[in-house]
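Have it open while you read.

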Amino acid sequence: MPASLPGIHHVTSITGDVQKCVDFYVSVLGLRFVKKSINQDVPDTYHIYFGDYAGSPGTAMTFFGWPSWPARRAGSGQVTTVSFAVPRDSLDFWESRLRKLDVQPTQTSRFSADVLVIADPDGIELELVGDVAPDFRWVPWLDGPVEREQAIRGFHSVTMTLAEGAATVDLLVKTMGFRKAGQEGRRTRFETGQGGQHSILDLVESPEGPEGEESVGTVHHVAWRAGDAAHQAEWREVLVKAGRNVTPVIERYYFKSIYFREPGGVLFEIATDGPGFTVDEPLETLGSSLSLPPWFDVRRETLDETLPPIVVPTTATTGAGH
Ligand code: ZN
């Protein structure tokens, strides 16, 4: 088996309103808007990216702007919850910040970590989990609306809901190198890589449905990290041998990607850590203009006219400096 997949690279969801989405992830959650680009398969639509200051692997929450997609239908066969890691002692801060900004969190706990559960403007279930890994590499956004001490440190985990989990468990454990790390009711926890923050995948079995549909307010796919193209190629071979229908390597400009569906229906991607979001913009000005892979540049003028404008909140309006 190749070296293990270290953890989550990015999570991509579908928004019906890119501006509301930007306002929420930047002004409320304090993520940085790191890339304004297009969906390379539906190139008249946005693909927008949020993350830590650099959009480091393990921190990038991304969205396709697809307002004409069907209304939200979340359910089995999907990633149904996206969890972010925050320091344990920041949860009181987050609870009061969220309430002040008209987001009503509910409290719960999972595998002995305290959790705040919220919904984003499109209805996607999010969690802030008070459990960070001290050695997780992230780059704080020092001018952001949330102080470094309390800031989101990237992903904690994703939760998949499946009608039937057995074949997925087989793939995760026997082929993909995940380890079973815990059980709580119908929730089974798996870990990859070194375990802990951003390497956690929870699987919830829900045979009674409903079944999810690709729609606004749902997660489109989760991408796992590969160190580089060679590591990705090794995993591609393993997955093909295991009978998965894996795409060829696709050049996404910011990373290289392969895609396949796990047996429960969730779309998985494996994406390389590099080259990352600074391949076409300096770190300091990430997200400030429409970034297009060179082979889409001929469409720039048309896209500038047809894509709705996005206003990225400045820290002055989001309370930076307090
Ligand atoms: Zn992706």
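1. A term to begin with: buried means under 20% relative accessible area, exposed over 50%, and partly exposed in between, with a 1.4 Å probe and protein chains only. Glu205 is partly exposed because its relative accessible area is 30%. Glu205 sits in strand S12 (residues 200-205); strands (E, at least two residues) and helices (H or I, at least four) are DSSP runs numbered from the N terminus.

2. Some ground rules. This is a predicted model, where local features need pLDDT of at least 70 and side-chain atom pairs count only at pLDDT 80 or more, while totals for chains, interfaces and linings use all residues. Residues are numbered from 1 along each chain as its sequence is written, and side-chain values use heavy atoms, with hydrogens and water left out.

3. What does Glu205 touch, not counting residues up to four places away in sequence? Leu162, Glu164, Gly165, Ala166 and Arg186, with contact meaning heavy atoms within 4.5 Å. Between the C-alpha atoms of Glu205 and Ala163 the separation is 5.7 Å, though the two are 42 residues apart along the chain.

4. On to the metal. His10 (NE2), His221 (NE2) and Glu269 (OE) coordinate the zinc ion at 2.0 to 2.1 Å. Donors here are N, O and S atoms within 2.8 Å of the metal (3.2 Å for Na, K and Ca), and water is not among the atoms, so sites may look incomplete. His10 in strand S1 and Glu269 in strand S16 are 259 residues apart, so the pair links distant parts of the chain. Both His10 and Glu269 are buried.

5. Next, the nonpolar packing. A nonpolar core is a set of buried Ala, Val, Leu, Ile, Met, Phe, Trp, Tyr and Cys residues joined through side-chain atoms within 4.5 Å. The largest one has 69 residues, and Tyr25, Leu29, Phe84 and Trp224 have the most contacts inside it. Helix H1 (residues 18-28) gives the largest share of this core, seven residues. A second, separate core has 10 residues, including Val34, Ala60, Tyr253 and Phe255.

6. Finally, the open space. A pocket is an open set of points on a 1 Å grid over the protein atoms alone, where a 1.4 Å probe fits, with protein on both sides within 12 Å along at least five of seven lines; lining residues have an atom within 4 Å of a point. The largest pocket is lined by 18 residues, with Asp135, Phe136, Arg137, His198 and Arg225 closest to its centre. Around the second largest pocket there are also 18 lining residues, and those nearest its centre are Asn39, Asp41, Phe64, Arg252 and Tyr259.
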